[in-house]
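Here are my notes on this one, point by point. Have the model open next to you as you read.

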Amino acid sequence: MSKPFEKHVKDRPYSTAEAAAARLLEIAKTLRIDDGRMSIGEWNGTFLRGGGTVAEYTAGRDKLIADGIIQIHECGGFIMWKSRDQGIRSEA
């Protein structure tokens with residue numbers, strides 16, 4: 001029996017950095033690539049609309065950066081694959 005003030009909280013699907021990073025990679029594979037760059041607004045917006053939080057997005061993004069998979073463009077508005085061998089093809 002539950003206590004009077006006990007709340008039941010659903011498990012968050014992206015509560016670990018690994019889970020958030022995996023989802024961000026899935027999203028990135030669907031984005032349009034121009035000159036090797038993808039829009040960071042489209043990337044994080046899709047993640048947030050899909051039920052992720054800002055904290056989960058940040059943890060996943062930071063994991064991808066730390067693992068050497070992506071880098072943030074110097075202007076801050078784009079993400080780029082660190083290696084061209086990520087299974088993603090650029091649209092010409």
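**Notes on the fold and its side-chain contacts**

1. H1 and H3 are roughly perpendicular to each other, a label that covers angles of 65 to 115 degrees, with under 35 degrees counting as roughly parallel, over 145 as roughly antiparallel and the rest as oblique. Their axes cross at roughly 80° and come within 7 Å, with H1 spanning residues 17-28. Axes here are lines fitted to C-alpha atoms, for helices over the stretch in contact, and angles run from 0 to 180 degrees between N-to-C directions. On the H1 side the contact (heavy atoms within 4.5 Å) is made by Ala-17, Glu-18, Ala-20, Ala-21, Leu-24 and Leu-25. H3 brings in Glu-56, Tyr-57, Ala-59, Gly-60, Arg-61, Lys-63 and Leu-64.

2. Some ground rules before going on. This is a predicted model, so local features need pLDDT of at least 70 and side-chain atom pairs count only at pLDDT 80 or more, while totals for chains, interfaces and linings use all residues. Residues are numbered from 1 along each chain as its sequence is written, and side-chain values use heavy atoms, with hydrogens and water left out.

3. Now the overall layout. The chain has three helices and three strands, in the order α-β-α-α-β-β along the sequence. Both kinds of element are DSSP runs numbered from the N terminus: helices are H or I with at least four residues, strands are E with at least two. Of the contacts with a separation of 6 or more, 55% are between residues 24 or more positions apart. Of the 92 residues, 28% count as buried, meaning under 20% relative accessible area, with exposed over 50% and partly exposed in between (1.4 Å probe, protein chains only).

4. Which residues do the ring pairs link into a cluster? They are Tyr-14, Trp-43, Phe-47 and Tyr-57. The whole structure has three aromatic pairs: rings of Phe, Tyr and Trp (its six-membered ring) with centres within 6.5 Å, stacked if the planes are under 30 degrees apart, edge-to-face if over 60 and tilted for the rest. Trp-43 and Tyr-57 pair edge-to-face, at 5.7 Å centre to centre and 80° between the planes.

5. Staying with Tyr-57, its pair with Phe-47 is tilted, at 6.2 Å centre to centre and 55° between the planes. Phe-47 sits in H2 and Tyr-57 in H3, so this pair ties together parts that are 10 residues apart in sequence. Phe-47 is buried at 1% relative accessibility, and Tyr-57 is buried at 6%.

6. Last, the charges. The search finds five salt bridges in the whole structure, each a side-chain nitrogen of Lys or Arg within 4 Å of a carboxyl oxygen of Asp or Glu. Among them, Arg-32 meets Asp-34 at 3.1 Å, N to O; Arg-32 is partly exposed at 48% and Asp-34 at 33%. Arg-61 and Asp-62 form another, at 2.9 Å. Lys-63 pairs with Asp-67 at 2.8 Å, with Lys-63 partly exposed at 23% and Asp-67 at 46%.
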